[in-house]
Amino acid sequence: MYGRNGYDAYSQFLLLAAIVLVVASMLFSRLPAVALLLQMGEYAVLVYCVFRVLSRNVLKRQQENARYYERRQRFLRWARGLKDRWQQRKEYKFFRCPSCHALLRVPRGKGRLQLTCRKCGNRFERKT
Ligand SMILES: [Zn+2]
């Protein structure tokens with residue numbers, strides 16, 4: 001494996017994605033066209049994974065891996081925000097600012113309120 005990229009986090013993700021596609025193609029075995037499409041996807045992902053592991057262009061593979069980490073972080077942050085909003089849904093109401101799309105959290109049951117966005121200062125009215 002000297003001079004090769006080896007097995008990194010992105011390759012690990014690709015392998016997991018291939019396994020998910022295998023399971024999905026088994027679930028869709030009654031629909032041959034869908035199963036075939038999923039199997040083709042699974043082979044494509046596996047071939048790409050092996051290509052990445054054996055690649056000698058380590059710099060480019062490391063850049064791909066860094067991009068993968070960034071996207072994963074962004075996804076995890078979004079998922080955490082979703083979870084927090086779900087847990088606080090009974091005490092707070094969440095709104096998006098119409099002008100900058102920032103998320104605003106307002107206590108529930110306060111009637112009609114004039115809200116001011118902390119990010120851009122835009123004022124708008126919402127029922128809480
Ligand atoms: Zn705003």
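Biologist: Which residues make up the largest nonpolar core?

Modeller: This is a predicted model, where local features need pLDDT of at least 70, side-chain atom pairs count only at pLDDT 80 or more, and totals for chains, interfaces and linings use all residues. Residues are numbered from 1 along each chain as its sequence is written, and side-chain values use heavy atoms, with hydrogens and water left out. A nonpolar core here is a set of buried Ala, Val, Leu, Ile, Met, Phe, Trp, Tyr and Cys residues joined through side-chain atoms within 4.5 Å, buried meaning under 20% relative accessible area, exposed over 50% and partly exposed in between (1.4 Å probe, protein chains only). The largest one has 8 residues: Phe95, Cys97, Ala102, Leu104, Val106, Leu115, Cys117 and Phe124.

Biologist: What is the arrangement of the 4 donor atoms around the zinc ion?

Modeller: Donors are N, O and S atoms within 2.8 Å of the metal (3.2 Å for Na, K and Ca); water is not among the atoms, so sites may look incomplete. The protein donors are the SG atoms of Cys97, Cys100, Cys117 and Cys120, 2.2 to 2.4 Å from the zinc ion. Four donors count as tetrahedral if all angles lie between 85 and 135 degrees; four count as square planar and six as octahedral if opposite donors are over 155 degrees apart and all others between 65 and 115; anything else is irregular. The angles here run from 106 to 113 degrees, so the arrangement is tetrahedral.

Biologist: Is cysteine 97 buried or exposed?

Modeller: Cysteine 100, another zinc donor, comes out partly exposed at 24% relative accessibility. Cysteine 97 has a relative accessible area of 1%, so cysteine 97 is buried.
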